[in-house]
Amino acid sequence: MAAIAVSAPPTKTPLPQTKKNSGLSNARWYTYLVAYMFVGICIAPVLFIVLGGFRSNSQITVDPSGLPNPWQLTNYADVLTNPTFWRQMGNSAFVGVFTTLGVVVLGVMASYVVARYKFSASGAMYSLFAAGLMFPMTVAITPLYILVRELGLMNTHWGIILPQIAFALPTTVIILVPFLRAIPQELEEAASIDGASRLGFFFRMVVPLSLPGVVTVGILAFVASWNSYMLPLFILNDAEMYTVPLGVQSFASQYSVDTASVLAFTSLSMIPALIFFSLFERRIVGGLTGAVKG
């Protein structure tokens, strides 16, 4: 018998990957370059302020962008021994803590109602909170000033805390509602069978499960309160009640000739917010990611 020749199946020639890989590497290289440029643009002013506090006024006059030579510690020492600085730090901490507590407590409660209760106005209520994101405080500063004055809260910290809570609630609700909607309905039904009330389910299950979002909105509320300038400027008249942003402006006006001391005061005033934000940076990213997924 004649042998039957069986031809081998044609082999596919692998496509060269060099161009594709090189394109990806170039794309990543350009991406990192642009990212580092933006980071440098953001960090450069902060470094200028921090390093400026270690210089003397003569050094700043001769070379505004130079490094300290020699390093001066007296500017920071004078600010740290100034009782006015610590009083303003305490005022900002008081306003920030109570603003954060109000935002977290009221935000979780409002978000729970919008996310878990089924009624005809739930969608309209959520849309109302979403519309609040497009209504900045600068637009409402005049009627807000009149309202605070009529309530007798002028030149008090509560005249700052209550409006800050109100303007922070839209962001809080938008972030927390997806967390609360993601909680399975079966979990609530099981808790109800076990005898848990709606309030018990809220405190025992809802709050712990939505903790990443709660931490996120709390950090954002505290940092925004710490950096708030316009509202305290309109509400506070007594220098004893000033928060840190107003204290920086007052110190800069009083010691406008002493540039190095002003830079030192500014550096120390922004350190708490930077530390607070840096420590909980991953919490913020995780909370926002969970809100988007929900």
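**Reading the largest cavity and beyond**

A: We begin with the lining of the largest cavity, which is formed by S92, V95, I160, Q164, S225, W226, S228, P232 and T243. Keep in mind that this is a predicted model.

Q: Which elements give two or more residues to that lining?

A: They are α4, α7 and α10.

Q: How many cavities of 30 Å³ or more are there, and how much space lies in the largest cavity?

A: A cavity is a space where a probe fits but cannot get out. The structure has one cavity of 30 Å³ or more, and the space in the largest cavity comes to about 40 Å³.

Q: How does the lining of the largest cavity divide by class?

A: It has five polar residues, four nonpolar ones and no charged ones.

Q: How is a pocket read, and how much space lies in the largest one?

A: A pocket, unlike a cavity, is an open set of points. Here the largest pocket holds about 160 Å³ of space. Its lining consists of V223, W226, N227, V244, P245, V248, S269, M270, A273, L274 and F277.

Q: Which helix gives the most to the lining of the largest pocket?

A: α13 does, with five residues. At least two residues each come from α10 (211–226), α12 (244–254) and α13 (259–279). By class, the lining of this pocket has nine nonpolar residues, two polar and no charged.

Q: At what angle do helix α4 and helix α7 pack?

A: The angle between α4 (residues 83–116) and α7 (residues 158–181) is about 40 degrees, and their axes lie 6 Å apart. α4 is therefore oblique to α7, since an angle under 35 degrees would count as roughly parallel and one of 65 to 115 as roughly perpendicular. The crossing of α4 past α7 is right-handed. In the contact of α4 with α7 there are 20 nonpolar residues, six polar and two charged.

Q: Where is M137 found, and which residues is M137 in contact with beyond its neighbours within four places in sequence?

A: M137 sits in the loop between α5 (122–131) and α6 (141–150). Beyond those neighbours, M137 is in contact with L144, P163, F167 and L231.

Conventions
Residues numbered from 1 in each chain as written. Predicted model: local features only at pLDDT ≥ 70, side-chain atom pairs only at ≥ 80, totals over all residues. Heavy atoms only, no water. 1 Å grid on protein atoms, 1.4 Å probe; cavity = no way out; pocket = protein on both sides within 12 Å on 5 of 7 lines; lining within 4 Å. Points joined across faces, edges and corners; volume = space filled by probe spheres on them. Helix = DSSP H or I, 4+ residues; strand = E, 2+ residues; numbered from the N terminus. Nonpolar A, V, L, I, M, F, W, Y, C, P; charged D, E, K, R; others polar. Axes fitted to C-alpha atoms, helices over the stretch in contact; angles between N-to-C directions. Parallel < 35°, antiparallel > 145°, perpendicular 65-115°, else oblique. Left-handed = near helix turned anticlockwise from the far one by under 90°. Contact = heavy atoms within 4.5 Å.
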